[in-house]
Amino acid sequence: MAASSPTGCMSSGAERRTRRPLGAALPLVAALLVGVNLRPAITSVAALLDEASAHFGLSAELSGVLVTLPVIAFGLTAPIGPWLARRIGVARALGWAMLVLAVALALRVLAPAMLLPGTFIAGAAIMAAGTLLPQYLKSLNAGGLWVGLSSMSFGVGAALGAGVVVPVHRATGESVPAALGLWSALAVVAAIAIFLVAQRSGGAARSERRPRLTVPERGAGTIALVTAVFGLQALLYFAVTAWMPQFLADRGIGADERGWLLAWFSVAGFLPTLVTPMIARRPAVLRWFGPGLGVAVLLGLAWLFVASSDQYVWVVGLLGAVQSAAFGLAISLIVSLSANPPTAGVMSAVGQGVGYAFAGAGSLLIGIVHAASGDWSPSFALMAALAALLSVAVALVIRRMPVDLLAAQTSERPTAAESLTHPA
């Protein structure tokens, strides 16, 4: 073997040091771009619901379907993401999900007949990307900070969708198609970034073999609890984003302020979403912090119901903070309670798929209860009960052992303490 010169060693080492940060940054930045795209399709419609309903000639019932259809699509299309990942790789599957999202967002406003089908397809693309992100982060060995940043990117997208759509609507001569369709461009940017990651990996992201996955003893209980946590926090989040604008309108709040408050709901959650995955790695803190989130959501909902107009900014900020923290915790639990990327993919698909199906149906039910009663009291009482259940589910799941669906093929299983206190 030829000896290497010291100069050659130093040169190659310097090259590795300069290339490694760039090579590591692109996949993580691509994950953030994907995350930013997973909420504007929902919050932009919620903030502009009255105008969109008038433009497309929707009845009150169809308006309710429009605002909840993406979440319903989440539950019905959950297996698509893992199915694609096993065939073309996680990164390429994310890229295709972003492309489909871009096309669906454009079609639903350009062709009126495609409004509801396009919204459903957009929801399916969002779901595919959402289920793949935990598996993608697990494959990158992303630590708590990057898991938090990825979770926070969802809130950034939600805030953009709610805060930008009304000004754009007015700046374009009150064009609903322009205000709702511009988000397709953002999805194209994410698709380009993630396809660059797939190209750099040279197809390595796709598994060469398909391991047989088996649920170990007690693993089903952990998956069920993770699903319950994800479903309950998602139901409460989407119920607030879908119906809070209408609740505020019934209290006499104008369209501009409603849009701003919905954007503030997301902005207030930026820091809690970032910090929560790091807190989740400290079991002693998590034991009281996790269940406390459900209690805080319950108190926030009670305050919103009785708040006066000058208190909305404070209560909406509180709800945004605690509900975003609950989302960050749910994503963190999927990553930390999965022993490996294949397990994370399955747990993400089950937890988010079943959870979002529950969330979509529950959010629609809350709207139906309000319409049937003509009052918001029963809907808020139902949401408060669900927040209490969330607290109980979190208290149970944070004591569970990590799940390894490849346990039959491996001899080592991480402990709960290892999973929650060491980098993913």
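Helices (H or I, at least four residues) and strands (E, at least two) are DSSP runs, numbered from the N terminus. The model is predicted: local features need pLDDT of at least 70, side-chain atom pairs count only at pLDDT 80 or more, and totals for chains, interfaces and linings use all residues. Residues are numbered from 1 along each chain as its sequence is written, and side-chain values use heavy atoms, leaving out hydrogens and water.

**Exercise 1.** State how many helices and strands the chain has.

Solution. The chain has 18 helices and zero strands.

**Exercise 2.** Describe the largest nonpolar core.

Solution.
- Such a core is a set of buried Ala, Val, Leu, Ile, Met, Phe, Trp, Tyr and Cys residues joined through side-chain atoms within 4.5 Å; buried means under 20% relative accessible area, exposed over 50%, partly exposed in between (1.4 Å probe, protein chains only).
- The largest one has 123 residues, and V34, L94, Y136 and Y356 have the most contacts inside it.
- Helix α11 (residues 219-250) gives the most to this core, with 18 residues.
- Not counting residues up to four places away in sequence, Y136 touches (heavy atoms within 4.5 Å) P27, A30, A31, V90, A91, L94, I194 and V197.

**Exercise 3.** Find the one salt bridge in the structure and say what it joins.

Solution.
- A salt bridge requires a side-chain nitrogen of Lys or Arg within 4 Å of a carboxyl oxygen of Asp or Glu.
- D50 and R258 form one, their closest N and O atoms being 3.6 Å apart.
- D50 is in helix α3 (residues 49-56) and R258 in helix α12 (residues 255-267), so the pair ties together parts 208 residues apart in sequence.
- D50 is exposed, at 51% relative accessible area, whereas R258 is buried, at 14%.
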